[in-house]
Amino acid sequence: MDPTQQKALNALESFILLSSSASSPRAAADLVRQATSAPNTYVFAELLQTKNIAALKDGPPEYASSYTLLEIFAWGTWADYSSTPDLPPLTDAQAHKLRQLSLLSLSTSPSTLTYTHLLTALSLPSTRALEDLVISTIYAGLLVAKLDTKSQRVDVSSVSPLRDLPPARVPQLLSTLDTWNGRCVSVLDDLETQIKEVRQKALERKKREQRDESAVEKLVGQALKERGKAGEKRMAQDPVGGREAAVGDENDGMDLDEKAGPGRPRGAKRGGGAFKNAAKR
């Protein structure tokens, strides 16, 4: 879990425990004011779900507005508070916190992070007030960002997961997740098909290589066999010449120009002279 989120949940824990004793609408409404004003409380969904706080929703109008206010702190923005009538007035601490939380929601889109847009969306009187709000939000660990005073915008790198999801958006979120899941399944199926095709082609290529190797070995064997038969045929037709040819084949035409003996010309083959002398005798 994000450390800032864990810290916020820990800060809210005491108010969740106190809610069990806030049995009257007045006590429950006062607990909402305390929780939204306290330092480090930035998540409120768990408090909304407690019995006595949830009872405010259907209670007297003057207290039901406190439940609506808590919903705005959970997932709404400053603009929601400004456009909703009959809400309790905010203390300075509540107003500052709601602007911080609203900044987190606005950080999801780069187009909403210009000074001009933020000044309007957060009802801030000056650029200095906006920069002070951004700096305090950064120091609180709610977001990682830089102020680009030259371009008059806020460059946000990351946002802590502190905003709750409105119940009305759950079906839309589930639909989006289902669509995303379907796309993932489709991509995985395509990948599996491609993997099978690659494996099949690799198998066919291996079989083709094995057939080619077998064909080459067969051709080499046939060539050697035919060469041997040709040598035997020459030996049968001309024993002397065939033997010389056989010796020449075995030595692959090796040059036998060794040291010549007396009366023996260079380049003469050893066997050749002997056979010629025998012929003369």
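Trainee: Why is Lys-97 called buried?

Mentor: Lys-97 has a relative accessible area of 4%, and buried means under 20%, exposed over 50%, partly exposed in between, with a 1.4 Å probe and protein chains only. Lys-97 is therefore buried. Do keep in mind that this is a predicted model, where local features need pLDDT of at least 70, side-chain atom pairs count only at pLDDT 80 or more, and totals for chains, interfaces and linings use all residues. Residues are numbered from 1 along each chain as its sequence is written, and side-chain values use heavy atoms, leaving out hydrogens and water.

Trainee: What is Lys-97 in contact with, leaving aside its neighbours within four places in sequence?

Mentor: Contact means heavy atoms within 4.5 Å. Lys-97 has such contacts with residues including Ala-35, Pro-39, Tyr-42, Phe-44 and Phe-73. Trp-78 is 19 residues from Lys-97 in sequence, and their C-alpha atoms are 9.9 Å apart.

Trainee: Which helix holds Lys-97?

Mentor: Lys-97 lies in helix α7, residues 92-106. Helices here are DSSP runs of H or I with at least four residues, strands are runs of E with at least two, and both are numbered from the N terminus. The protein chain has twelve helices and two strands.

Trainee: And why is Arg-208 called partly exposed?

Mentor: Its relative accessible area is 41%. Partly exposed covers the range between the buried and exposed limits, so Arg-208 is partly exposed. Arg-208 is found in helix α10, residues 170-237.

Trainee: How much of the protein chain is buried?

Mentor: Buried residues make up 26% of its 281 residues.
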